[in-house]
Amino acid sequence: MLGSGEVVGKLGISWDELLDHGDEPFELSFPSICGYHPSLTLKAAVLHPCDDHDGALFDSLVDCEIARDTDAGHARFVEYVTSKTVSYLNDAVEHFQLVLDQCPVDHPDRASALANLASARRKGYIRKDLEDIDSTISLFREALALRPQGHPDHPFSLYHLADALTWRYSKEGTTVDLHESAQLYCKLLPLCPEGTYLRGIAAGANRVDYVIDECNNLRKDASDDGIHFRRIVLQLCPLGHQHRPRTLDKLSRALRLRFKQYGSIDDLDECIKLRREVVSLCSEGHSERDTYLNNLAASLRSRFDHQGRSHDLDEAICLYEEALRMCPVGHKTRHVSLSTLGGALRVRFIQRGVVDDINRAISLRREALMLSPPEHPDHDTMLNNLAITLKIRYNELDVSEDLNEAIDLYRKSLRLMRLDHPERHRRLYNLSSALSSRFTKTQENQDIEEAIRLCQESLDALPSLHPDRCISYSWLRMAYLSRYQVQHNPADLSLAVDNFRLASGHPTQGFPERINQAISWAFQAEVYEHDSALEAYQICLELFEKHVMTRSSIISRREAATAFRAAQSLPVDAASCAIRCDNLRQAVELAEQGRGQQWSLASRLRTPLEYLESMSPELACELSELSKSLSDAQGSATLTDRAAADAAARKYRRLTEKWGAAVAEIRNLKGFSRFLLPPSYEGLQAAACQGPIIILVASQYSCSAIVVPTSGEPHHVPFPSITLTDLKNFKDRFARAIRNASVMGPKQPRNDLMVLLRTVWDEIMLPVVNVLQQSLKLKSHSRIWLCPTAAFTSIPLHAAHPFKTNADGSKEPCLEDLYICSYTPTLSALVRSRQMMKKRVAPSFVTIGQGQPGAGKGKALLAVDSELELVGKLVPATANRTTISGDAATRAGALEALQQNTWVHLACHGKQDPKQPYNSHFVMRDEPLTLLDIMEKDMPHAEFAFLSACHTAVGDEKTPDEVIHLAAGLQFSGFKSVVGTLWQVDDAVAKHVVQAFYKNMFEDLEVGGEMDCTKAAWALNRATHAVKTEVPLEQRMVFIHIGV
């Protein structure tokens, strides 16, 4: 039985006409009904008594009896449908029951018999002429079991059971029935092509649409089963379906709730993806658009809180603003839009400190509260939201009235909230934080006791892995710390540290919050001289690295690195802490771990795998492929399509997870336990195999140097008279002295510069030299490497000079008289360059020059062509020499030349971008050759680069310890030895240094000898000595050597 008992037609055909078709099936068509054209396929056969073999005649007679009872049942059922006379229904049920009794379990017609009986009973239940629906559903279930997938009647059985379950749900409200009905329809619809009768009745308002609507009215369920069910419902709503927006919204709500409970970023990402689609489906004028805009904005704000991506917050504010414009005065949800926009502005104030944001946030939330009087269901929420905003303004601007008002509002809000409300823990710790703040002002003991109790109560309300436990730990440690500051009980400090540890280590909270907790922990431990400071720094650096690794582009990694106010000094403060704990080895490790993270993370994807290949070829292949995929996926461009950017970030994160799993598996191999982990002191000491390395640590807590010798323990060199403030002043004074020198005549003395260099010698480099000479017995003219950190990166340490004459008339030697100085951005970079030196190829030398960059790209450099000609004459004839200049010196041409040659001399304008260092570039004829362009290329056979351009070895001010500059980019891409510049180069005099450099570089090269890039530091040292009379001091100092 397919329909609902409608008469579709009567068969008027004689036996002769039937038998004329022979054994072939034939089709009979009937008039249209309900917009569909029913048909019947028949096959006629004659059975003679003499043909009875093995009871076939008896079976045929039984089949005839079944057919007669079935026909009679259908006839009575049609009469019941048309007349509504219950006796006809009873007769139909009786006939269908007789048929079923004659069809045992293995009978081919049992499924039909079950369906006919169940259909009749279902109709009676719908019309309230029968009460039992349970047995009817059981009949449909059995029929479906007899018609598995692939059976021609399988779709009909799916439909009948789904419809019966829907009716029982409509009468009894059993959610399980609704769930099962949705699952059955989900299986059914793909089997029913558009335009078929079954599709028409199944997809109608009283069938699938009713089920979808009822499912969307169910309570939010964030369990795995609940979300799986929401996905099933969404499958019932293809593109264009009227219920798709609401169904998407319901699934997104469940995913966001699960994110709030367990902290999985995958849930939040999917939530945002779904909500973007909802907004796209509800254009201007849609009655629910403001709600959907608010929902999308709320998800983006949650992701900002979890991951710290500034563009998420900016987009959320734009969406909140649009939603508010759609809710004029008098709109029923205006209070919601006012409050949510206020919340986003509050967060932006915390991030960027614009006072207008917090003042407007408070104004918006006051209006929201005014629109939500005491009898309003959202009154308690609006009280809480205004209190949060007032508390933030108090924190930043110290407006005491704000704090007292916030406490009153928190108390009112908490009193109105149910004890079992899922958000109650937040009200508890919000009030706790305000009471702790007031205690620090008034020292009223009852405030701090209540604050501690409230935080403990909030923790009691949360399961162990709830993300908000991190916030509860945070406010509890604040309460203990506040009490310690007043009462000085060491137990409170220990309890505060315990909660710092719990907050920073809470696994389901996002990295930004945990990093902030660890930073605060390290700071407070320093202030109170607690022995957990070093642990706090270690945790912070580990979290920071993991957080930055989640970013899918090079630029976004730097944004993540600069998002934390106190993060800039973390590496040096950690190293300083280790030094003060007399653990110099760990100081070296921490300084290395925290510095140059951008290069370290990128270099992991280019790690040589030869040794791994010999141990596990499969894992080596897997990691190599994943590393390539990650490298390809990370890119450098910022996508303007936010949905596309989200998708790219999800893809990158999944690749990162797979890469991490492969690395973890490799670490289980014998001999690979530290594979791609931050290097130990022993591993870092390999950087000093050809000379000691001096790490200069500039921290707010102490300034000093660590000398890493070729073997043995590191040496500490304190700078007792130098502070971080002094170094920052040195930086500014050097910048002024260099500017002043640039307008002086070449013979004028650079007195200001000489005074500064003398101070650098006396206060910084002389103590280091004493250790090199007295403790390490380092011979004169040996090589040393300088590894400056933080403020030290802006000081020309290599040029330190006493400018003194001894009693015998001899001049006291300067640093470059004593040693051959090089720089290295990190120790790992030097180790990596030395390892790559093993892969040498025949040398090729290219000179790239661009002296006529074009309008708006800088003044013409008139000496470039003569410099290129000069270099070409000095390079050995055995090298494969080429020159690219003029119109050929384009971005693409220069990049190709860098990739195809092992030695490069580049003469052009160099531009350092102080705001976005990855946009620092060499000026070419058409487009700039940027640091990003260089970083994205792998040049393993490259050896040496001379950068005769301005500002090629200057990092940015925000992240000096990331050493992001053009020279470091070339070293990362493969160049083992690089000569760069610290400030502006005068091309008219630079050629003197260039000439002297290459003469020293190649003068002793025998015919057929190898060009050796490791001589570059010595050649530069000799060159700057040779041109003293021709080149002024600041133009000799400008050139530095980086690398091997």
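Which residue in β6 does Ile695 stand opposite? I began my notebook with that one, and Cys787 is the residue I found there.

**Ground rules**

I am working on a predicted model, where local features need pLDDT of at least 70, side-chain atom pairs count only at pLDDT 80 or more, and totals for chains, interfaces and linings use all residues. Residues are numbered from 1 along each chain as its sequence is written, and side-chain values use heavy atoms, with hydrogens and water left out. My helices (H or I, at least four residues) and strands (E, at least two) are DSSP runs, numbered from the N terminus.

Strand β6 (residues 782-788) pairs with β3 in the parallel sense over 4 bridges. Strand β4 (residues 703-708) runs antiparallel to β3, and 6 bridges join them. A hairpin of 4 residues links β3 to β4. Ile695 turned up here again, standing opposite Ile706 in β4.

Next I checked the loop between α34 (751-775) and β6, where His781 has its place. Its phi is near 65°, a positive value in a residue other than glycine.

Between β12 (residues 921-922) and β13 I found 2 bridges, and Phe922 stands opposite Leu929 in β13.

**Entry: two helix pairs**

How far apart are the axes of α5 and α6? I read 9 Å, with a packing angle of about 160°, for α5 (residues 134-146) and α6 (residues 154-172). The axes are lines fitted to C-alpha atoms, for helices over the stretch in contact, and angles run from 0 to 180 degrees between N-to-C directions. The two helices are therefore roughly antiparallel to each other (over 145 degrees; under 35 counts as roughly parallel, 65 to 115 as roughly perpendicular and the rest as oblique). α5 passes α6 in a left-handed crossing, meaning that the near helix is turned anticlockwise from the far one by less than a right angle.

I then listed who makes the contact (heavy atoms within 4.5 Å). On the α5 side, Ile137, Phe140 and Leu144 are among them, and the α6 residues include Leu158, Leu161 and Leu165. By class, the contact of α5 with α6 divides into 8 nonpolar, 3 polar and 3 charged residues. Here Ala, Val, Leu, Ile, Met, Phe, Trp, Tyr, Cys and Pro count as nonpolar, Asp, Glu, Lys and Arg as charged, and the others, Gly among them, as polar.

For α15 (residues 334-352) and α16 (residues 355-370) I noted an angle of about 160° and axes 8 Å apart. I logged α15 and α16 as roughly antiparallel to each other, with a left-handed crossing. The residues that meet include Leu338, Arg346 and Phe349 in α15 and Ile358, Leu364 and Glu367 in α16. This contact of α15 with α16 splits into 9 nonpolar, 4 polar and 7 charged residues.

**Entry: single residues and a covered helix**

Is Glu529 buried or exposed? I filed Glu529 as exposed, because its relative accessibility is 72%. The residue lies in the loop between α23 (511-527) and α24 (533-549), and its phi is near 50°, again a positive value in a residue other than glycine.

Leu476, found in helix α21 (residues 469-487), is buried, with a relative accessible area of 6%. Leaving aside neighbours within four places in sequence, I found Leu476 in contact with Ile452, Cys455, Gln456, Leu459 and Asn499. I also looked up a C-alpha separation: 42 Å between Leu476 and Thr175, which are 301 residues apart along the chain.

My last stop was α40 (residues 966-973), where 8 of its 8 residues are buried, Phe972 and Gln971 being among them. Just after α40, Gly974 takes a positive phi of about 145°.

Technical notes
Pairing = 2+ DSSP bridges. Buried < 20%, exposed > 50% of the residue type's maximum accessible area, 1.4 Å probe, protein only.
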